Amino acid sequence: MSLPDFTLIAPQLIVLVTALIIPALYFLTKNDKVVGLVSISGVLLSGAYLAWMIIDGVSGDFLSVYAVDDFSLLLTGLFLTVVFLVLLSSLNTVERDHHHGEYYALLLTATSGMMFVACAQDLIGLFVGLELTSMSSYALVAFRKNDPRAAEAATKYLVIGGLSTAMTLYGFSLLYGMTQSTMFVDIAAAIGSAPTAGLMISMALIIAGLGFKVTTVPFHMWAPDVYEGAVTPISTFLAVGSKKMGFVALFKVFLVGFIAAQATVVTDMQYIFAALAAITMTLGNVVALSQTNIKRMLAYSSIAQAGYLLIVLAVATPYALTGGILHMITHVFMKGGAFIIVAALAYVAVGERIDDYKGLARRAPLVAFSMSIFLFSLAGVPPLAGFVSKFVLFSSGVGEPGAALSGEWVWLIFLAVINSAISLYYYARVVKYMYVDEGETSERIKVPVPFMIAILICLVAVIGIGLFPEPLISLCESAAAALMN
Amino acid sequence: MLFIDYAWLIPIIPLAAFLIIGFFGHKTPEGGGYIAIIAAAVSFVLSALVGYEILSGTVAAPYVNDIVWLEMSPGVVLNFGLYIDNLSVLMLIFSSLISTLIFIYSIGYMHDQGERKRRYYTEVSLFLTAMLGLVISSNFLEMFIFWEIVGLCSYLLIGFWGFKHPKGEKASIAAASAAKKAFLVTRMGDVSLLAGLFVLLNAFGSLDFVSLFDPANIAAVDNSTLALGSLLIFGGVIGKSAQFPLHDWLPDAMEGPTTVSALIHAATMVKAGVYLTARSLPLFVQSTDVTLFVAVIGGFTAFYAATMALNNMNIKRVLAYSTLSQLGYMVLALGAAGYMMAASLAAGDVEVDHAMGYTAGTFHMMNHAFFKALLFLGAGSVIHAVGTEDMRQMGGLRKRMSITSITMLIATLAIAGIPLFSGFWSKDLILESVLHVAEGGHGAASAVFLILFVLALVTAFMTAFYMFRLWYMTFGGEEGEASKHCHGESPRSMTYPLVILSGFAALSGFLILFGFADALTFNFVDGAFVVGGHGLSMIEVLEDIFLNPFAYVSIALAVLGFYIAYRMYEVRDIEPGRYNQYGESSLYKLLQKRYYFPEFYNALALKLAYPAAMAVEQVDRKAVDGTVDGIANSITGGSQMLRRIQTGFVQTYAAFVVGGVLLVIVLIYLIGYLTGGL
């Protein structure tokens with residue numbers, strides 16, 4: 001017996017090893033900047049190796065649990081980008097706290113969990129990745145444990161998270177019992193002969209368990225409280241990282257495991273997802289309208305974005321998945337950018353109420369401009385990234401371009417477009433506050449450099465993807481093809 | 001060298017101005033105003049040169065030049081490029097020309113706005129960029145992008161005085177809410193337009209004008225899909241060109257600076273909708289129902305908006321209603337043209353020589369651009385001098401502001417349709433084209449067009465009345481309250497554009513005698529179906545117009561409107577109050593209240609949308625933490641709170657999760673049952 005090829009999961013290993021080094025390093029140096037920068041270097045190293053793997057076209061199979069293909073490489077890259085941005089915005093945010101070693105180590109373990117989910121090709125690998133991320137993020141939410149809001153948020157998150165994990169695991173175990181396999185591909189093959197009542201319950205449990213991660217209504221209630229209570233970089237991490245991981249898991253279980261099986265009872269699932277998508281996007285947008293705290297507003301807008309992404313599971317074509325992946329990527333930059341700005345402003349003592357953003361354009365012109373770009377992109381205003389990804393995602397609902405018009409999902413797309421229009425209202429309100437209204441003070445704000453780097457990266461990405469989406473779309477296409485064929 | 005190879009520079013030049021002024025405008029004189037003027041003027045010159053090449057046939061129209069923007073799976077390519085034909089050229093020339101003049105005028109008008117001038121010139125430059133980009137886009141998606149930028153700029157510019165309004169806090173709020181209204185209402189149209197794009201992309205696998213207007217491709221597409229796409233696209237027109245029932249934002253948009261109103265009404269924004277209708281006509285004409293709908297919306301808007309202008313006392317609002325009404329005319333003309341073509345296509349007769357409504361609609365669009373820009377700039381000059389928009393406080397300004405009053409009179413004569421002024425020619429053509437359909441023997445549709453014709457005639461009368469009313473109330477009669485402290489004629493940077501525009505307003509109609517109709521054609525079905533151009537000589541055109549008895553009816557109605565306004569507001573021997581019980585009659589109030597449309601929208605939002613949002617929020621808040629928030633805040637100890645949370649509302653969350661699972665199971669079962677899977 002020979003050893004498996006560890007180079008295939010080298011990016012994950014680099015992140016894990018860095019995570020293990022960090023506590024020791026902190027113990028030795030007691031310097032938060034050092035551990036922060038070492039974490040960033042670890043992520044960059046991992047990213048560089050990943051980039052080489054993408055360019056070199058590496059693919060393969062690690063112990064038949066983890067697969068390396070176009071899909072997993074792209075998504076792994078996405079998660080690394082998320083954690084890179086989160087680390088940049090953490091450097092200043094947590095400088096006055098304690099336990100930096102734990103903070104950075106947990107962030108990195110959570111990330112490696114997400115990277116494993118991206119590669120998983122069976123239920124066990126998937127579950128382990130999910131749990132690694134969940135456990136780490138419970139502790140991260142509780143990071144400022146003396147802050148009552150954070151303690152409350154962490155408790156809620158832990159209790160509901162535990163419940164959801166139990167459900168996911170129960171769903172997985174039923175599925176294994178019926179199909180005698182943990183591999184998604186084998187599950188798809190065996191599903192035709194499984195008892196339908198058991199499948200039903202197993203699917204419902206998995207939807208609920210993973211629905212918690214992706215904040216699907218009615219499993220969304222924790223999200224606004226937790227995003228509001230946690231340190232803002234961690235909110236960013238949950239909203240743009242952990243949520244995407246949930247979607248990756250949903251795609252793997254349902255697109256690869258269930259829907260590919262083409263059994264009638266299973267294809268009916270698409271209607272469930274359509275219903276969930278419709279409820280989720282509408283509730284998210286409508287409730288966001290009346291929020292006064294910017295983090296809560298972004299949380300509800302994030303719920304709405306989850307609704308848009310659920311369209312992928314309803315339509316369930318490779319083209320829809322292309323749109324879904326693209327939207328996940330653009331969402332990282334636009335929502336991540338918005339959260340990072342909130343974190344940066346909280347650091348320089350601007351509050352988290354939307355009112356506190358009045359007159360921001362005079363105080364910090366570049367930050368206000370970036371925030372407007374991110375918000376307009378979230379609303380889907382062309383020619384920004386959000387428009388391109390929504391365009392591809394929504395247009396998948398009426399069939400492949402050039403193919404016959406499919407009326408099945410037109411209602412859903414119509415609803416999504418209406419929802420986009422509604423969302424513009426609350427995004428534009430923030431822009432109006434920043435540019436039109438007078439603030440209480442017009443003192444200039446100086447945002448620390450690491451924040452500025454993160455904001456500018458997001459800004460360049462949002463505008464760049466909007467103007468030249470072509471290379472990214474073809475990457476997403478091959479990723480979608482890798483997953484669904 | 002051909003200038004058309006540099007046509008892409010036309011929108012790029014104002015874009016450069018936008019960037020330069022945005023970053024360095026505060027360091028240049030007039031907040032970057034001169035840069036904006038130079039950019040607009042260069043764009044105009046280039047547009048004119050490109051226009052010459054297209055119209056003279058040096059370059060075959062349409063000139064298409066695309067680069068691939070993004071390629072979607074199998075063979076679907078979205079391009080970014082140029083599509084320049086006679087219609088684009090027309091739009092390019094008058095948009096850039098009028099914008100140049102408005103920018104020059106702004107130097108005087110905005111002179112005392114200080115630091116805010118930079119913002120103004122930045123935004124108008126972007127506005128012009130978007131409009132020029134819109135009319136030379138080579139496909140619907142690219143056009144949509146510019147279309148949205150136009151919407152964004154209008155929002156910014158209408159809300160220009162959203163803070164620190166020269167007239168105080170209240171006016172600021174009005175400006176901000178008008179801007180929001182314009183953005184949201186036009187956005188409803190945009191949603192429809194975007195849906196239309198989806199339908200077309202799906203049906204054709206492309207959004208390029210070249211392939212969408214190819215008869216072979218059109219024939220391959222299901223007619224009902226095409227009709228659906230056309231109607232959705234027209235929904236965008238209804239929003240942008242403020243047609244009924246999405247018209248209500250335009251009067252409110254008067255809260256912006258007057259120069260912005262002139263831009264929106266004459267050169268940009270609302271003309272984009274008419275342009276889109278004209279551009280998409282090859283798709284619309286596949287269905288008689290669609291074109292009939294277009295004509296009805298246009299005809300009704302023309303009439304409906306004119307009624308509201310009759311008794312308004314605000315000089316800018318009267319002009320706003322007149323814009324609505326005139327846009328209705330253009331849409332009506334295009335609808336009539338479309339109907340003629342649709343009917344003949346349905347009958348399999350592609351030998352129909354022309355549908356003059358197309359010429360009429362586009363011709364009126366150009367003439368209207370000139371005289372409406374002039375009217376707004378004239379009104380701006382008056383407001384600048386007297387400091388009010390209320391016409392009751394004006395009057396007798398003829399002597400104090402001679403240049404403004406004479407140029408305004410020319411514009412009034414033009415819009416009222418007095419012979420030989422520009423409005424006369426195009427309005428007459430519109431009426432004729434509508435009558436043409438009514439006489440065409442199309443059954444019930446002919447009856448509808450007959451009604452539209454009568455409405456259009458009545459509108460012509462109303463137009464003459466309210467415009468002369470405006471002129472006499474402002475410049476004629478006794479001096480009003482505000483006129484007394486008028487400090488004379490406006491500065492030269494404001495009067496020169498007025499004089500130039502009055503030349504165009506007076507004379508642009510004569511273009512019809514020099515082959516305008518032939519220039520503005522489009523070929524359809526391999527040249528067998530030529531719309532617009534009918535190769536008539538000057539004499540034939542004149543015969544066509546002046547041997548038509550209805551032309552005299554419309555002239556007589558216009559003169560009658562003028563005469564009544566003259567007696568009421570100049571001689572003042574007819575007391576207007578007699579006819580409306582001195583402002584107490586219900587009809588008078590109905591018009592003042594804009595048919596209760598704003599109230600209706602507000603009620604809809606307040607009674608329906610807002611409570612719905614509140615209710616959902618309440619449920620969420622209450623279920624989540626409404627009851628506990630108060631308790632939680634009062635408790636400071638962490639452990640105590642943990643206990644509270646554990647016994648308190650996390651249970652609610654958990655209950656929801658479990659309830660959700662049950663719900664999903666029930667749903668799965670139901671769907672399985674309904675589709676027979678179980």
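Is A:Ser64 buried or exposed, judged by its C-beta neighbours inside 10 Å? I counted 11 such neighbours, so A:Ser64 is exposed. The classes I apply are: buried if 20 or more other C-beta atoms lie within 10 Å of a residue's own, exposed if 12 or fewer, and partly exposed in between, with C-beta atoms placed from the backbone.

**Entry 1. Basis**

I note that this is a predicted model, in which local features need pLDDT of at least 70 and side-chain atom pairs count only at pLDDT 80 or more, while totals for chains, interfaces and linings use all residues. I number residues from 1 along each chain as its sequence is written, and chains are lettered from A and ligands numbered from 1 in the order in which they are written.

**Entry 2. Backbone of chain A**

I returned to A:Ser64 and found a positive phi of about 55°, although the residue is not a glycine. A:Ser64 sits in the loop between strand S1 (60–62) and strand S2 (66–68) of chain A. Helices (H or I, at least four residues) and strands (E, at least two) are taken as DSSP runs, numbered from the N terminus.

I also looked up A:His99, another non-glycine residue with a positive phi, here about 60°. Its place is the loop between helix H3 (70–93) and helix H4 (100–119) of chain A. A:His99 is partly exposed, because 17 other C-beta atoms lie within 10 Å.

**Entry 3. Cis peptide bonds**

A:Pro383 belongs to the loop between helix H16 (365–379) and helix H17 (385–395). In chain B, a cis peptide bond joins B:Phe244 and B:Pro245, with omega about 5°. B:Pro245 is in the loop between helix H9 (223–240) and helix H10 (249–252).

**Entry 4. Chain totals**

For chain A I list 20 helices and two strands; for chain B, 27 helices and four strands. Of the 485 residues in chain A, 65% are buried. Of the 678 residues in chain B, 56% are buried.

I then turned to contacts (two residues are in contact if their C-beta atoms, placed from the backbone, lie within 7 Å). In chain A, 79% of the contacts with a separation of 6 or more are between residues 24 or more positions apart. In chain B, among contacts between residues at least 6 apart in sequence, 79% join residues at least 24 apart.

**Entry 5. The nonpolar core**

Which residues have the most contacts inside the largest nonpolar core? They are A:Ile311 and B:Ala373, and the core has 431 residues. Helix H15 (residues 315–346) of chain B gives the most to this core, with 20 residues. By a nonpolar core I mean a set of buried Ala, Val, Leu, Ile, Met, Phe, Trp, Tyr and Cys residues joined through C-beta atoms within 7 Å. Leaving out residues up to four places away in sequence, A:Ile311 touches A:Ala277, A:Ala320, A:Leu393, A:Gly397, A:Leu412 and A:Ala416.

**Entry 6. Packing of H15(B)**

I examined H15(B) against helix H18 (residues 422–438) of chain B: the two pack at an angle of about 40°, with axes 9 Å apart. Axes are lines fitted to C-alpha atoms, for helices over the stretch in contact, and angles run from 0 to 180 degrees between N-to-C directions. Among the residues making the contact are B:Tyr329, B:Leu332 and B:Met340 of H15(B), and B:Lys427, B:Ile430 and B:His436 of H18(B).

How far should helix H4 (residues 116–136) of chain B span? At 1.5 Å a residue, its 21 residues should span 30 Å, and the end C-alpha atoms are 31 Å apart, which agrees. The expected span is 1.5 Å times one less than the number of residues. H4(B) has 20 of its 21 residues buried, so it is largely enclosed by the rest of the structure.

For helix H5 (residues 140–158) of chain B, the 19 residues should span 27 Å, and the end C-alpha atoms are 26 Å apart, which agrees. As 18 of the 19 residues of H5(B) are buried, this helix is also largely enclosed by the rest of the structure.

**Entry 7. B:Ile10**

B:Ile10 is in helix H1 (residues 9–24) of chain B. I class B:Ile10 as buried because it has 28 C-beta neighbours inside 10 Å. Its contacts, not counting residues up to four places away in sequence, include B:Leu46, B:Leu92 and B:Ile136.
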